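Q: I am new to this structure and would like to learn how to read it. Can we go through some features one at a time?

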Amino acid sequence: MTTHDRTDHAHRPLTSSPGVWDAEVADADAAIRADAAARAGGMSRRAFLAGAAAALPAAAVLGTGLAAAGSRRTPPRASGASFGYGPSAACKLPPAVLARFRNGWDPKRSADVVYAPHGWNYLSGAISHSTPWHYTQDVPMVWYGPGVIRAAGNKGRYVTSADIAPTIAKLLNFPFHAPDGTPMSEALTGTKPTLVVVLVWDAGGKYVLNLHPGTTPHLTHLKNVGTFFANATVGSNPSNTAPIHATIGTGAHPAKHGIVDNTIRFPDGHLGDPWSQGPGILKMPSLADEYAKAMGSKARTAMFGTLPWHLGMVGQGANLPGGVKHIAVLREQGNGSTSAPGWALPSRLASFYRFPAYVNDPSVCHPLSYFTRQWADLLSDSVVDGRWRGHSIQAAQGGFHTPARVPYQTEAIEKVIAHEHLGQHEETDLLFLNYKIIDEIGHEYFADSPEMGDTIRVQDQFLQNLVSFLENRFHGKYALCVTADHGHTAHPSRTGGVPLLTDRIHSLLEARFDADGDGVTLAQNVRPTGVLLNRHEIQQNHTRLYNMAKYLSQQTVGDLGTQISGPPGAPAFDAVFSGSILPSLDCS
């Protein structure tokens with residue numbers, strides 16, 4: 001399995017056709033009215049939520065509840081028939097789930113037909129965690145920093161990733177408008193820190209952590225002695241890396257900041273990685289953007305991650321008028337599968353950020369090979385054989401795709417803090433961190449694998465190391481937020497879920513709805529949460545999204561799936577509908 005599904009199919013550049021969408025919204029409004037009676041006769045929202053709560057109680061967080069639920073195949077919602085298609089199906093979704101669709105959808109950039117997989121089903125491919133259900137949405141939200149962060153314990157208030165930026169702004173006493181976020185004030189003492197660190201365990205959602213009980217003693221300690229928001233979620237659909245990191249940085253959900261998926265539609269109609277054309281894809285400045293411009297030389301802003309998607313935490317940098325070049329470190333791209341990559345900044349982004357080249361200097365930072373013996377080779381056995389749980393360490397990009405990446409990255413992060421004098425400027429410095437290895441291990445081996453258990457254990461160990469480093473340098477003067485951007489998918493043998501084949505969905509839609517014979521694909525890309533369509537082809541084929549949603553809603557796991565362990569006639573999706581209904585949808 002590939003680590004990232006960023007391949008864009010070749011299609012001719014297209015422009016959008018607004019008339020198509022005006023007609024589609026009119027169809028949706030009519031369908032909403034027509035479906036009112038059907039909604040009244042179906043399962044009530046109260047009954048549905050009661051069933052969902054019985055399946056997975058909200059209180060089961062960072063404990064054994066979710067792990068046990070996964071082991072007994074409890075679905076993300078109450079089991080049963082799917083809700084169907086169109087507005088009535090959307091309105092039968094739990095309100096929080098429907099809100100995630102609304103928060104994540106942009107009429108110009110998002111999927112045109114969207115869906116919620118049934119039960120534990122997920123779309124095949126490397127982004128299987130992009131669902132609207134709680135197990136991929138719920139994340140840890142832990143604030144720690146003696147003297148700056150209260151030892152307030154467990155807080156039950158519902159919070160989202162959009163609340164991180166306004167919380168930092170309040171720590172800084174800096175005026176910042178977060179369109180979708182509010183400060184987590186319960187965590188704050190009122191003392192202004194010299195350094196704020198936001199640390200993201202990529203894919204380290206609560207469900208993933210609870211599949212491996214006992215592997216996070218240090219995170220649990222921070223939760224107990226800091227402030228832990230037990231009901232934290234990313235708050236938008238899809239739950240994947242690019243959108244949520246931009247949410248962390250801007251305090252806005254994707255519907256407002258514009259990075260709606262790891263693949264989006266650009267104005268000319270082509271599909272691609274949102275950062276492939278630079279940071280200008282963000283519709284708004286981040287907190288770090290505005291703060292860096294206001295502070296000038298009085299403060300520093302920095303980010304250390306792996307992919308350009310992580311830059312959403314710091315924002316556009318020098319792309320903005322008067323913008324500041326945030327310090328930025330990403331993984332070197334284009335290396336061979338057996339060579340260890342270094343740290344870099346893609347050339348297309350070099351004019352917007354500042355890369356500290358010393359992180360690749362062997363006199364400053366140890367090479368990755370320095371860490372692989374202890375943190376990969378000897379991690380699960382006492383035999384030095386160049387393997388980690390039977391996998392060749394060298395073949396795993398020289399160990400970069402093993403837990404050894406965690407200490408390798410942590411050392412480099414500490415060197416950046418020291419060399420850039422972070423936490424020692426006139427005003428508070430900001431540091432945003434992403435550790436990507438949990439996500440990559442999940443894609444290769446699933447969330448419930450022994451490899452994942454090893455990775456979480458090492459990630460937690462070096463969380464302690466980083467906290468000790470911060471304590472020694474900034475005791476009583478720093479604030480740390482530990483969170484995640486999404487969860488991950490356990491193996492189908494555990495959940496009973498079915499991987500739904502994106503290629504199969506594509507071929508079925510083409511055969512049924514693309515009849516004009518012009519050789520142009522109607523379904524440009526089948527994403528984990530929906531289908532991006534060629535908008536000229538929709539018009540040319542006289543296709544209605546409502547009909548496409550109806551057709552997809554009738555597909556079963558036997559039609560679309562692989563690794564089917566249950567009845568092949570079980571529904572593939574809970575709900576399928578046109579994204580264009582979301583702005584005007586009224587479920588009252």
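**Reading local features**

A: We can start with Gln397, which is buried because its relative accessible area is 13%, below the 20% cut-off. The model is a predicted one.

Q: Where is Gln397, and what is its phi?
A: Gln397 sits in the loop between S15 and helix H15 (405-419). Its phi is positive, about 50 degrees, although the residue is not a glycine.

Q: Which value does phi of Arg389 take, and is Arg389 buried or partly exposed?
A: Phi of Arg389 is near 50 degrees, again a positive value in a residue other than glycine. Arg389 has a relative accessible area of 37%, so it counts as partly exposed. Its place is the loop between strand S14 (387-388) and strand S15 (391-392).

Q: How many disulfides does a search of the whole structure find?
A: The search finds one. Cys91 and Cys587 form the disulfide, with their sulfur atoms 2.0 Å apart; the cut-off for such a pair is 2.5 Å.

Q: Why is the disulfide of Cys91 and Cys587 left-handed?
A: The handedness is read from the torsion about the S-S bond, which is about -80 degrees for Cys91 and Cys587, so the disulfide is left-handed. Cys91 belongs to helix H5 (residues 86-92) and Cys587 to the segment after strand S21 (573-578), so the pair ties together parts that are 496 residues apart in sequence. Cys91 is buried at 4% relative accessibility, and Cys587 is buried at 18%.

Q: How does one check the span of a helix such as H19?
A: Count 1.5 Å a residue: the 12 residues of helix H19 (residues 502-513) should span 16 Å, and the end C-alpha atoms are 16 Å apart, which agrees.

Q: Which residues of H19 are buried?
A: The general idea comes from the helix turn. An α-helix has 3.6 residues a turn, so residues three or four places apart point the same way. In H19 the buried residues are Thr502, Ile505, Leu508, Leu509, Glu510 and Phe513.

Q: What surrounds Thr233, and where does it lie?
A: Thr233 lies in strand S7 (residues 227-233) and is buried, at 1% relative accessibility. Leaving aside neighbours within four places in sequence, its contacts include Arg100, Asp138, Tyr158 and Ser161. A polar atom of the Thr233 side chain lies 3.1 Å from the backbone oxygen of Gln137.

Q: Which residues does the cis peptide bond with omega of about 10 degrees join?
A: That bond joins Asn237 and Pro238. Pro238 is in the loop between S7 and helix H11 (241-250).

How values were computed:
Residues numbered from 1 in each chain as written. Predicted model: local features only at pLDDT ≥ 70, side-chain atom pairs only at ≥ 80, totals over all residues. Heavy atoms only, no water. Helix = DSSP H or I, 4+ residues; strand = E, 2+ residues; numbered from the N terminus. Buried < 20%, exposed > 50% of the residue type's maximum accessible area, 1.4 Å probe, protein only. Expected span 1.5 Å × (residues − 1). Polar contact = N/O pair within 3.5 Å; in protein donor to acceptor, adjacent residues only side chain to side chain. Contact = heavy atoms within 4.5 Å.
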